[in-house]
Amino acid sequence: GLNYTPTDAWSASIAVEFGQVEDDFENDFDRQAVSLGLRYQTDDLTAAARFEYRVEEGERSGDPLDTETLIFAADASYKISEDARVVFALDSARTETAESGILDGEFTEVALGYAYRPTETDRFNVLARYRYFLDLYGQRVDGTDEDETRQRSHVLSIDASYDLTPNWTLGGKLGYRLGETSASEGEPFIQNDAVLTAVSLRYQWPREWDALVELRNFQTIQGGTSETSVLAAAYRQFNDNIRVGVGYNFGTFTDDLTDLSQDNEGIFLNIVAAY
């Protein structure tokens, strides 16, 4: 790879990859890829984009594999004021194969958010976000190697937190999914809207530890289902940038409304990095 920085604000990169992937499940193939990147940064605006073209040839599960993939990713952050930011992200991928339509697919996720955090007193924080989510590859469920549910969704969400005291923080989240899902390739898309509500309470110890308990409810509009669950976690702050938590989700769902797997009960590890 090569990086080039002509000015303090602009930088560019190019990278080339030649490799071979092998495993015990007859997934053996050669990969060639080239990627181009561009970045712009000032005091108020940061923006970056990357394009990648990838070719893979070999075998997948014993069948011939010959695919071309285009990947594009971009993100941006604009400082409205010292208290507010607008953030944007785009991830897109498209795969075409010569052997069959099994691996063909398209993925696009667009996110636009507004973050408010006062600098003089950060007791009240808000993040409002819109997401467009298109997944025509199909989400994989329960560790299987089969492409299953596809979706087209618009998701609106708002997260807020308020420091009741220096130790206690009250939080809440409201999310709505306006979406369509398809059980598998060739199946028609049907309406599949959902609502998520959550209320949390966090306690911060005087040192580096804090604990969280969250009550959640997930409802499907067309399906007419409703599930209420509890999540509990403990976090350790290692420095100003890294926080690691371990917890248990007692429900089958997450707070990500684009996750259709409904298999999320159990222990989880969460690593939070801020820069």
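Because the model is predicted, local features were taken into account at pLDDT of at least 70 and side-chain atom pairs only at pLDDT 80 or more, whereas totals for chains, interfaces and linings use all residues. Residues are numbered from 1 along each chain as its sequence is written, and side-chain values rest on heavy atoms, with hydrogens and water left out.

The secondary structure of the protein chain consists of zero helices and 16 strands, where helices (H or I, at least four residues) and strands (E, at least two) are DSSP runs numbered from the N terminus. Along its principal axes, the C-alpha trace spans about 60 × 55 × 35 Å. Of the 275 residues in the chain, 29% count as buried; in this scheme buried means under 20% relative accessible area, exposed means over 50%, and partly exposed lies in between (1.4 Å probe, protein chains only).

Salt bridges, defined as a side-chain nitrogen of Lys or Arg within 4 Å of a carboxyl oxygen of Asp or Glu, come to 16 by this rule. One of them joins the side chains of Asp 44 and Lys 79, with an N to O distance of 3.8 Å. This pair links distant parts of the chain, given that Asp 44 is in the loop between β3 and β4 (45-60) while Lys 79 belongs to strand β5, 35 residues apart. Asp 44 counts as partly exposed because its relative accessible area is 36%, whereas Lys 79 counts as buried because its value is 18%.

A further salt bridge is formed by Glu 109 and Arg 131, whose closest N and O atoms are 2.5 Å apart. Here too distant parts of the chain are linked, with Glu 109 in strand β7 (residues 105-116) and Arg 131 in strand β8 (residues 124-135), 22 residues apart. Both Glu 109 and Arg 131 are buried.

Lys 173 and Asp 255 also form a salt bridge, their closest N and O atoms being 4.0 Å apart. Lys 173 is found in strand β10 (residues 168-182) and Asp 255 in the loop between β15 (242-249) and β16 (266-273), so that the pair, 82 residues apart, links distant parts of the chain. Through salt bridges that share partners, Lys 173 and Asp 255 are joined with Glu 214 and Arg 216 into one network. Within it, Lys 173 counts as buried because its relative accessibility is 16%, while Asp 255, at 34%, counts as partly exposed.

Gln 262 is partly exposed, with a relative accessible area of 34%. This residue is among those that line the largest cavity, together with Arg 177, Phe 218, Thr 252, Phe 253, Thr 254, Asp 256, Leu 257, Asp 259 and Asn 264. A cavity is here a set of points, on a 1 Å grid over the protein atoms alone, where a 1.4 Å probe fits but cannot get out, and lining residues have an atom within 4 Å of a point. A search of the whole structure finds one cavity of 30 Å³ or more, and the volume of the largest cavity is about 40 Å³, a volume being the space filled by probe spheres set on the points, which are joined across faces, edges and corners. The lining divides into three nonpolar, four polar and three charged residues, with Ala, Val, Leu, Ile, Met, Phe, Trp, Tyr, Cys and Pro counted as nonpolar, Asp, Glu, Lys and Arg as charged, and the others, Gly among them, as polar.

Leu 70 lies in strand β5 and counts as partly exposed because its relative accessibility is 40%.

Strand β5 also contains Asp 63, which is partly exposed at a relative accessible area of 49%. The C-alpha atoms of Asp 63 and Asn 27 are separated by 8.8 Å, although these residues are 36 residues apart along the chain.

Key. On a 1 Å grid over the protein atoms alone, a cavity is a set of points where a 1.4 Å probe fits but cannot get out, and a pocket is an open set with protein on both sides within 12 Å along at least five of seven lines; lining residues have an atom within 4 Å of a point.
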